[in-house]
Amino acid sequence: MKLFDAHVHLQSYGSAAELDGALRAARDSGVERLLCCGISPDDWERVLAIAGQYESVVPCLGLHPWFAGTAPAGWLERLEGLLLHTNCCVGEIGLDGVKETPGQEEVFLRQLELAAKLRRPAVIHSVKSWKRTRKLLESARPPAFMLHAYGGAAELVKNFAALGGYFSYGGGIMDPKREKLRAALAAVPPERLVFETESPERGAPGPAGLGEVIAAAAKVLGRSAEELAGLSFRNAERFCGPHS
Ligand SMILES: [Zn+2]
């Protein structure tokens, strides 16, 4: 079984040795590809360096909504410059209705427009802001986008899918209390489903734990884990690939 971890922050491991250990364990458990997202201008170079060092890592660069108010002047031009010299996705970008920051809507929209202009897929963080997220996606129209750790309702899936959305699920689906999350998972079109660990997460097994997430999803969906692993791998590859 080969697996694709659709959302990690490998730059946040405490040391190079820790990162190397996590990627080794991931490879031993079948994780062959990982989509690694930057969150602010401070870590973009590090994300690119890790992707240069490890062939399994797909880089993604963006300004996360939590840091929307503190980015240095010229950040958007710098982001565009880096994107033009790489084949990176745009992210992690988005809106957070729980952790409001000044200018996050403007920062999100500018990056969605950049993704649309350069024909790059966008990786999106959306928390309690589904209406606003949809409005901005409808306005900017990136070629594809992924709602990472999707926590929206099952009823919203259809609309986001029609706009080009992929839906990423992590360990939350294993939480006995999160029945709604599993209902939404079951509503996702199979060709838009991907899985993630968001490593490094405190106390979690790292990307090596992805197989467990996929096995849990397989149970919810009544499919085999092998089938779901293959399907989600192909989906993530398509998402990261060229968009014309
Ligand atoms: Zn993230």
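This is a predicted model: local features need pLDDT of at least 70, side-chain atom pairs count only at pLDDT 80 or more; totals for chains, interfaces and linings use all residues.
The zinc ion is held by four protein donors, namely NE2 of H7, NE2 of H9, OE of E92 and OE of E198, at distances of 2.1 to 2.2 Å. Along the chain these donors follow the spacing H-x1-H-x82-E-x105-E. The angles among the four donor atoms run from 88 to 155°, and since four donors count as tetrahedral only if all angles lie between 85 and 135 degrees, the site is classed as irregular. For reference, the ideal angle for four tetrahedral donors is 109.5 degrees.

The peptide bond leading from G91 into E92 is cis, with omega near 15°, and E92 itself is found in strand β4. E198, in the loop between β8 and α8, has a positive phi near 50° although the residue is not a glycine. A further cis peptide bond, with omega of about -5°, joins S199 and P200, and P200 is likewise located in the loop between β8 and α8.

V8, in strand β1 (residues 3-8), is buried, with a relative accessible area of 0%. Leaving aside residues up to four places away in sequence, V8 touches L34, L35, C36 and C37, and also T197, E198 and S199, so that its contacts include the zinc donor E198. The C-alpha atoms of V8 and G38, which are 30 residues apart along the chain, are separated by 9.1 Å.

Two helix pairs were also examined, and such pairs are described by the angle between the axes and the distance between them. Helix α7 (residues 179-187) packs with helix α8 (residues 210-221) at an angle of about 75°, the axes being 10 Å apart, which makes α7 roughly perpendicular to α8. On the side of α7 the contact is made by R182, L185 and A186, and on the side of α8 by A217, V220 and L221. By class, this contact comprises five nonpolar residues and one charged residue, with no polar residues.

In the second pair, the axes of helix α5 (residues 130-140) and helix α6 (residues 154-162) come within 11 Å and cross at roughly 10°, and these two helices are therefore roughly parallel to each other. W130, T133, R134 and L137 of α5 meet L156, N159 and F160 of α6 in this contact, whose residues divide into four nonpolar, two polar and one charged.

Methods:
Residues are numbered from 1 along each chain as its sequence is written. Side-chain values use heavy atoms; hydrogens and water are left out. Axes are lines fitted to C-alpha atoms, for helices over the stretch in contact, and angles run from 0 to 180 degrees between N-to-C directions. Helices (H or I, at least four residues) and strands (E, at least two) are DSSP runs, numbered from the N terminus. Angles under 35 degrees count as roughly parallel, over 145 as roughly antiparallel, 65 to 115 as roughly perpendicular and the rest as oblique. Contact means heavy atoms within 4.5 Å. Ala, Val, Leu, Ile, Met, Phe, Trp, Tyr, Cys and Pro count as nonpolar, Asp, Glu, Lys and Arg as charged, and the others, Gly among them, as polar. Buried means under 20% relative accessible area, exposed over 50%, partly exposed in between (1.4 Å probe, protein chains only). Donors are N, O and S atoms within 2.8 Å of the metal (3.2 Å for Na, K and Ca); water is not among the atoms, so sites may look incomplete. Four donors count as tetrahedral if all angles lie between 85 and 135 degrees; four count as square planar and six as octahedral if opposite donors are over 155 degrees apart and all others between 65 and 115; anything else is irregular.
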